[in-house]
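Please keep the structure open as you read.

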Amino acid sequence: MVKSAAAPESLSNGTAKRLRKKTESTPGTVVMSTVVCYQCGVQFAIAHRAASQHQALAERQAIWLADKFVWDHIQESNHQSLIQLPGSREMK
Ligand SMILES: [Zn+2]
């Protein structure tokens with residue numbers, strides 16, 4: 001496991017960020033979709049780099065993320081506040 005501070009340039013497949021009271025925007029990124037965990041109501045924004053927006057990928061990532069939330073609850077682990085999203089090849 002390598003822990004690194006992710007720079008926006010490296011977020012090639014986009015990120016999901018936990019939303020707080022206000023919608024926060026990260027410079028250089030565009031919110032493609034929001035996903036709500038139906039078990040705890042937490043809301044995440046799926047963001048892609050402004051230069052590489054991909055709506056179809058964002059829709060698949062939303063499904064992937066909802067599934068991850070279910071697993072987080074099954075495993076009783078907290079949702080991360082920032083989730084690195086997989087690319088289309090990593091989602092089967
Ligand atoms: Zn949840």
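## Starting from the helix

Ala66 is found in helix α1; helices here (H or I, at least four residues) and strands (E, at least two) are DSSP runs, numbered from the N terminus. A word on conventions: residues are numbered from 1 along each chain as its sequence is written. This is a predicted model, in which local features need pLDDT of at least 70 and side-chain atom pairs count only at pLDDT 80 or more, while totals for chains, interfaces and linings use all residues.

Between the C-alpha atoms of Ala66 and Phe44 the separation is 9.8 Å, although the two residues are 22 apart along the chain.

## The sheet

The protein chain has 1 helix and 4 strands, following the pattern β-β-β-α-β along the sequence. The 4 strands make an open sheet in the order β2-β3-β1-β4, with antiparallel pairing; two strands pair if DSSP finds at least two bridges between them. β2 and β4 (82-84) are the edge strands, each pairing on one side only. From one strand to the next, the twist averages 25°. Helix α1 packs on this sheet and touches β1, β2, β3 and β4, and its direction makes about 35° with that of β2. Such angles run from 0 to 180 degrees between N-to-C directions, with axes fitted as lines to C-alpha atoms, for helices over the stretch in contact.

| Strand | Bridges to β3 | Sense |
|---|---|---|
| β1 (residues 15-18) | 4 bridges | antiparallel |
| β2 (residues 29-36) | 7 bridges | antiparallel |

Looking at individual positions, Thr15 has Ala47 in β3 as its bridge partner. Thr29 stands opposite Arg49, and Thr34 stands opposite Ala45. β2 and β3 form a hairpin with 6 residues between them, and Gly41 in the turn has a positive phi of about 80°.

Strand β3 (residues 43-49) is largely enclosed by the rest of the structure, because 5 of its 7 residues are buried. In the protein chain, buried residues make up 21% of the 92 residues.

A contact here means C-beta atoms, placed from the backbone, within 7 Å. Among contacts between residues at least 6 apart in sequence, 54% join residues at least 24 apart.

## Confidence

The protein chain averages a pLDDT of 86, and 84% of the residues score at least 70; pLDDT is the predictor's confidence in each residue, from 0 to 100. Among the elements, β1 has the lowest mean pLDDT (90) and α1 the highest (97).

How values were computed. Buried ≥ 20, exposed ≤ 12 C-beta atoms within 10 Å, placed from the backbone. Contact = placed C-beta atoms within 7 Å.
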